Amino acid sequence: DFYNWNRIKVRYCDGSSFTGNVEAVNPANKLFFRGARVWRAVVDDLMAKGMKNAQNAILSGCSAGALAAILHCDTFRAILPRTASVKCVSDAGYFIHGKDITGGSYIQSYYSKVVALHGSAKSLPVSCTSKMKPELCFFPQYVVPSMRTPLFVINAAFDSWQIKNVLAPTAVDKGKEWKNCKLDLKKCSAAQLKTVQGFRDQMMRALSPVHSTPSRGLFLDSCHAHCQGGR
């Protein structure tokens, strides 16, 4: 069925889901934070090589690449021919604006630093940044409601990366009580398992924009995993 399909894999390496756009070079380490320019250069190169004639196109990714697929989905749709059928797939990229074990949101402060370092604000979807802080627009739950392009989400309700970094990040786990639990759920206490179950509830609420319209779809399982759709 797929004999005449073209598959393109872009290696992710910019640290901001291809949203970085800083003119100056970091003088301390000579790093360029220009992921948004890399993204557009790659797409322009592919268009010149024949993608401009595409009849069907799917933008997808895993983890941070899956987040990039969501953040750039509508832009990708706009670049391709109007007659093309374009859809986006996010595999383990639905990072939620969740509460951590202290009741705070460490992940929001983390994204705030990413936005500042990479100058991401001007590259994030305007439909989101016009309504809220740029760091909040790294969370798909705030971007998806205004997306126009069809989206399909593949995610684990107990996403292993998010349990480690959203629910119980090392920075807030001062006593290291979650060190073993977040790596292996079989090592969690009854109280910790209840908290993990609560994280699933947070995930379910955050996914409401995905199942609110027929142009979006969702496959959510209860695995303790991260990236399940193949690479």
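With a relative accessibility of 22%, Asp184 counts as partly exposed; here buried means under 20% relative accessible area, exposed means over 50%, and partly exposed is anything in between (1.4 Å probe, protein chains only). Asp184 sits in the loop between helix 7 and helix 8. The C-alpha atoms of Asp184 and His224 are 8.5 Å apart, although 40 residues separate them along the chain. The model is a predicted one, in which local features need pLDDT of at least 70 and side-chain atom pairs count only at pLDDT 80 or more, while totals for chains, interfaces and linings use all residues. Residues are numbered from 1 along each chain as its sequence is written, and side-chain values use heavy atoms, with hydrogens and water left out.

Next comes the largest pocket, which has a volume of about 1600 Å³. A pocket is an open set of points on a 1 Å grid over the protein atoms alone, where a 1.4 Å probe fits, with protein on both sides within 12 Å along at least five of seven lines; its lining residues have an atom within 4 Å of a point. Points are joined across faces, edges and corners, and the volume is the space filled by probe spheres set on them. The lining of the largest pocket comprises 42 residues, and those nearest its centre are Arg7, Ile8, Ile58, Leu59 and Ser60. Two or more lining residues come from each of helix 1 (35-48), strand 1 (56-62), helix 2 (64-71) and strand 2 (85-91). Helices (H or I, at least four residues) and strands (E, at least two) are DSSP runs numbered from the N terminus. Strand 1 makes the largest contribution to the lining, with seven residues. Sorted by class, the lining holds 21 nonpolar, 14 polar and seven charged residues; Ala, Val, Leu, Ile, Met, Phe, Trp, Tyr, Cys and Pro count as nonpolar, Asp, Glu, Lys and Arg as charged, and the others, Gly among them, as polar.

Now for helix 7 (residues 160-167), where Ser160, Gln162, Ile163, Val166 and Leu167 are buried. Their cover includes helix 4 (106-118), strand 3 (151-156) and helix 8 (190-206), with contact taken as heavy atoms within 4.5 Å. Where helix 7 starts, a side-chain oxygen of Asp159 comes within 3.0 Å of the backbone nitrogen of Trp161.

As for rings, the structure has seven aromatic pairs. Among them, Phe2 and Trp5 have ring centres 4.8 Å apart and planes at 80°, so this pair is edge-to-face. Rings of Phe, Tyr and Trp (its six-membered ring) pair if their centres lie within 6.5 Å, and planes under 30 degrees apart count as stacked, over 60 as edge-to-face and the rest as tilted. Phe2 is exposed at 56%, and Trp5 is exposed at 54%. The pair of Tyr110 and Tyr111 is tilted, at 6.1 Å centre to centre and 50° between the planes. Tyr110 is partly exposed at 39%, whereas Tyr111 is buried at 6%. Together with Phe138, Phe139 and Tyr142, Tyr110 and Tyr111 make up one aromatic cluster.

Definitions and conventions:
Polar contact = N/O pair within 3.5 Å; in protein donor to acceptor, adjacent residues only side chain to side chain.
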